Amino acid sequence: MAGQRFTQITNFWSDVFEKDGRQFSRVTIESTYPFSYQLNSSAANVKMLIRKALANIDYLRTEVYDGLINEFIVEQTEAKNVTAEIFLDCETPFTVDFSEGIPARTFIVFDRTRLYDIFSPLKIIIDPGHGGDDKGGTGPVDLLEKNVTLAMAGQTKIHLDKYGAQTLLTRKNDQNIPLRERFNLALSSKADLFISLHTNYDKNPEVKGLSVGYNPAAAGSEKLAGLIAKEVARKIKCDIREIKKDSRLTALKKISGVVVEPVTISNYVEEGLLRNPHLYEKVAFGIFNGIKGLFDG
Ligand SMILES: [Zn+2]
């Protein structure tokens, strides 16, 4: 009677995983029993209709923004079916996979190859702000900007390296590198991009939010700043405070450069966000998505 019973959809989520050195996006659907389904895919949309199924919620929209999957929606329809609809950034090949067990798991797996095509030609300088005796801002509890920027830069490098970008850090440990040397590294290595990581600091403890400065001398910098601001803000759920010209970055000449300040370290709540290691991954993902937006299509 297996064909008669209802499947309970108990859980669903998405992640990015690595297999044989390649990255894939995956949506996982957990259920009490295996189910039959019908797939409809159009340009940038994949819809799985799961028959005779009950979901543990009526409707759930999940924001993903992993550079390929934008979001997915799981919905209980009146006809005792459940739909899982995945909204993609662009048309992408996928496979459906399955693992038995309790719970049963169904996977919709998307190929992230096109992200390698975007990132592998790029040379990117990642600049952790401050260092050594230059501590940068200090949070109301005890965090130091120079340590936070190093952690954000490390995550950003890991993320970009996965897709074949050539990345160089202006510092790898706690040392104070003059600004000029940081810019010179970008110029001498003929970098495509210069991404500087800081946190905002303000004497007023109420001030919060994200800000991005850009090199007004380089075409594309303003656009890059806007894209990174949008992508980081929606990853870490912070407000965009400002996108502004940063005249110091004109030393980079025609290299697109940005100074990213994802949060304001002097704000008690935002300093607290910096204590969560996942924040650094999210910032890295936001920067990755922003760069992708600049070079995509
Ligand atoms: Zn700073």
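Analyst: One term before we start: two strands count as paired if DSSP finds at least two bridges between them. Also, this is a predicted model. With that in place, β6 and β7 (residues 69-76) run antiparallel and are joined by 5 bridges.

User: Which residue in β7 is the bridge partner of E63?

Analyst: E63 is partnered with E71 in β7.

User: How many bridges join β7 to β8?

Analyst: There are 7 bridges between β7 and β8 (residues 82-88), and the two strands run antiparallel.

User: Is β7 buried or exposed?

Analyst: Of the 8 residues of β7, 6 are buried, so the strand is largely enclosed by the rest of the structure. Buried here means under 20% relative accessible area.

User: What is the strand order in the sheet?

Analyst: The order is β3-β4-β8-β7-β6, an open sheet of 5 strands with antiparallel pairing. At the edges are β3 (37-42) and β6 (59-63); each has a single partner strand, so one side of each has no neighbour in the sheet. On average, neighbouring strands of this sheet are turned by 10 degrees against each other, ignoring direction.

User: What do strands of a sheet pair through?

Analyst: Backbone hydrogen bonds, in either a parallel or an antiparallel arrangement.

User: Changing topic, how many helices and strands does the chain have?

Analyst: It has 6 helices and 16 strands. The chain runs to 297 residues, and 49% of them are buried.

User: What box do the C-alpha atoms fill?

Analyst: Roughly 75 × 40 × 30 Å, taken along the principal axes. The accessible surface of the chain is about 14,100 Å², with 50% of that belonging to carbon and sulfur atoms.

User: And the contacts?

Analyst: Among contacts in the chain with a separation of 6 or more, 70% are between residues 24 or more positions apart.

User: Last one: how many positive and negative charges are there?

Analyst: The chain has 38 positive and 38 negative charges, and their mean positions are 3 Å apart.

Conventions
Residues are numbered from 1 along each chain as its sequence is written. This is a predicted model: local features need pLDDT of at least 70, side-chain atom pairs count only at pLDDT 80 or more; totals for chains, interfaces and linings use all residues. Side-chain values use heavy atoms; hydrogens and water are left out. Helices (H or I, at least four residues) and strands (E, at least two) are DSSP runs, numbered from the N terminus. Axes are lines fitted to C-alpha atoms, for helices over the stretch in contact, and angles run from 0 to 180 degrees between N-to-C directions. Buried means under 20% relative accessible area, exposed over 50%, partly exposed in between (1.4 Å probe, protein chains only). Contact means heavy atoms within 4.5 Å. Accessible areas come from the Shrake-Rupley method with a 1.4 Å probe; for residues, only the protein chains shown count as cover. Lys and Arg count as positive and Asp and Glu as negative; His and the chain ends are not counted. The place of a charge is taken as NZ of Lys, CZ of Arg, CG of Asp or CD of Glu.
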